[in-house]
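Here is a briefing on one chain. Look over the sequence and the model first, then read the points by topic.

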Amino acid sequence: ISGTSASAPFVSAASSLILSKQNFTNEEIKQILKSTSDDIGESGWDLRSGAGRLNLFKALSVTAPSIIKFNFPTQDFATLGNNVAINATVLSPYFTNYSLEVGKGFNPTEWESLISNAQNQFANLEIFDLDVSSYVDTVYTLRLIVNQTNGRTLEERINFHIDRTSPLADLVSVIPAYYGDKTTVLAAMYTNEPCVVRMFYR
């Protein structure tokens, strides 16, 4: 047994038990699960095991959860601008320091350091104004790495997109249709990237 289909029931049950102890928010429960997991595979976050293996005993022992998150940009944020203002929250009872990095692609193998070993905790603070004027159109990944006094490393990632070129769109078909008892038009479009298509007709 493997994969998210097998792990989801265990994580859901663990979340329910954590919530039965105290009225934690969804974000707090997520951070409790991540910060108390057993690190397996590569050290720290990795593509195969994520934050690690669920440890229910440790999770139920937490009274003050960590909050490690990006407030902005949000997951899959897209921009054609030249700057991305990075806003985050880093709060942990075991805090030592944090770093901020950016890499190209969904799962970068190379990272550019933006902030290294900073000693301060903060909530909802703009921590870096990232100049993306020279970035090519593609997806990028931001990651926060938080080192803790208990030897654990917490990591949070989000993807954002640079998209300064107009999408290519083709009208595949237009056919008459009914919406209830009213006549209308049904159309299909093809685009080379995710789009919101609005159709106007007279």
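E101 and R143 meet side chain to side chain in a salt bridge, 2.6 Å from N to O. A salt bridge here is a side-chain nitrogen of Lys or Arg within 4 Å of a carboxyl oxygen of Asp or Glu. The pair links distant parts of the chain: E101 sits in strand β4 (residues 95-104), R143 in strand β7 (residues 139-148), 42 residues apart. Both E101 and R143 are buried.

This is a predicted model, in which local features need pLDDT of at least 70, side-chain atom pairs count only at pLDDT 80 or more, and totals for chains, interfaces and linings use all residues. Residues are numbered from 1 along each chain as its sequence is written, and side-chain values use heavy atoms, with hydrogens and water left out.

**Terms for exposure and elements**

- Buried means under 20% relative accessible area, exposed means over 50%, and partly exposed lies in between (1.4 Å probe, protein chains only).
- Helices (H or I, at least four residues) and strands (E, at least two) are DSSP runs, numbered from the N terminus.

**Salt bridges**

- The structure holds ten salt bridges.
- Side chains of opposite charge can pair when their charged atoms come close.
- R143 also forms a salt bridge with E155, with the closest N and O atoms 3.7 Å apart.
- E155 lies in strand β8 and R143 in strand β7, so this pair ties together parts that are twelve residues apart in sequence.
- E155 is buried, and so is R143.
- K30 is partly exposed, because its relative accessible area is 31%.
- E156 is buried, because its relative accessible area is 9%.

**The cavity**

- A cavity is a set of points on a 1 Å grid over the protein atoms alone, where a 1.4 Å probe fits but cannot get out; lining residues have an atom within 4 Å of a point.
- Grid points are joined across faces, edges and corners, and a volume is the space filled by probe spheres set on the points.
- By this rule there is one cavity of 30 Å³ or more.
- The largest cavity holds about 90 Å³ of space.
- Its lining has 13 residues, and K34, A51, T153, L154 and E155 lie nearest the centre.
- β8 gives the largest share, four residues.
- The lining of the largest cavity divides into four nonpolar, four polar and five charged residues.
- For these classes, Ala, Val, Leu, Ile, Met, Phe, Trp, Tyr, Cys and Pro count as nonpolar, Asp, Glu, Lys and Arg as charged, and the others, Gly among them, as polar.

**The largest pocket**

- A pocket is an open set of grid points with protein on both sides within 12 Å along at least five of seven lines.
- About 680 Å³ of space lies in the largest pocket.
- Its lining has 21 residues, with S7, V11, S49, G52 and R53 nearest the centre.
- α1 (4-21) and α2 are the elements that give two or more residues to this lining.
- α1 gives the largest share, six residues.
- By class, the lining of the largest pocket has nine nonpolar, eight polar and four charged residues.

**Backbone features**

- The peptide bond from F72 to P73 is cis, with omega near 0°.
- P73 is found in the loop between β1 and β2 (77-79).
- D76 lies in the loop between β1 and β2.
- D76 is not a glycine, yet its phi is positive, near 70°.
- D76 counts as partly exposed, because its relative accessibility is 43%.
- N124 lies in strand β6 (residues 122-131).
- N124 has a positive phi of about 50° although it is not a glycine.
- N124 counts as exposed, because its relative accessibility is 54%.
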